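User: I have a structure to go through with you. Please take my questions one by one.
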Amino acid sequence: GGNSILVTSANPYEGKTFTSINLGVSIAKEFDHTVLIIDADVRRPTRQHTDFSTSFFSLKVDKGLTDYLLGNAEIEDILINPGIERLTLIPGGAPVDNSPELLNSARMQTMMKEIKSRYPADRLVIIDGPAILHFPDAMILNRYADGVLPVVEAEGTSSEDLKKMMRHLSEVNVLGVVLNKKRD
């Protein structure tokens, strides 16, 4: 009965963004549903996080989620249509050092409540979140999602990290697991 999914993984760079985009585009195109993908991996990274609006959709992005959370933009200012019918994006915006505080803010809570009400049950919100074992951000974002879809990198995510991630997710609605980067 929910309409929002958090995509996370145990570690950075295991394919969360790629999975979020593929899931969103597939649902928009194949299942005739409206999809909103939110890039919520807004922490100032040690390596550059791929901004999916620029890297995957070749869009010029001026503002994103962090601009909204800092009070420098409204929701309407950060919604982008990438040219795919029934698909909307919210890019991450400039990386920040205080991501837990911003993601846990009243402004984020208000935005998610509004977005989820704009997107009733026949529409889907996909939250592309950070790795769950390294940052508190994913557990904060989980409060806004109706279910979690963990991504596991084949031959990359250790069995110990997988167990730790699943312990973190033991109290939430896990929708399944995506095995990513499997080589034949």
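User: How many aromatic pairs does the count come to?

Analyst: This is a predicted model, where local features need pLDDT of at least 70, side-chain atom pairs count only at pLDDT 80 or more, and totals for chains, interfaces and linings use all residues. Residues are numbered from 1 along each chain as its sequence is written, and side-chain values use heavy atoms, with hydrogens and water left out. Rings of Phe, Tyr and Trp (its six-membered ring) pair if their centres lie within 6.5 Å; planes under 30 degrees apart are stacked, over 60 edge-to-face, the rest tilted. By this rule, the number of aromatic pairs is 0.

User: Is Ser105 buried or exposed?

Analyst: Buried means under 20% relative accessible area, exposed over 50%, partly exposed in between (1.4 Å probe, protein chains only). Ser105 has 17% relative accessibility, so the residue counts as buried.

User: Which backbone oxygen does the side chain of Ser105 reach?

Analyst: A polar contact is a pair of N or O atoms within 3.5 Å; within protein, one must be able to donate a hydrogen and the other to accept it, and residues adjacent in sequence count only if both atoms are side-chain atoms. A polar atom of the Ser105 side chain lies 3.2 Å from the backbone nitrogen of Met108. The oxygen, at 2.7 Å, belongs to Leu102.

User: Which residue lies over the face of Tyr68?

Analyst: A charge sits over a ring if NZ of Lys or CZ of Arg is within 6 Å of the ring centre and within 35 degrees of the ring normal. At 4.0 Å from the ring centre of Tyr68 lies Arg107.
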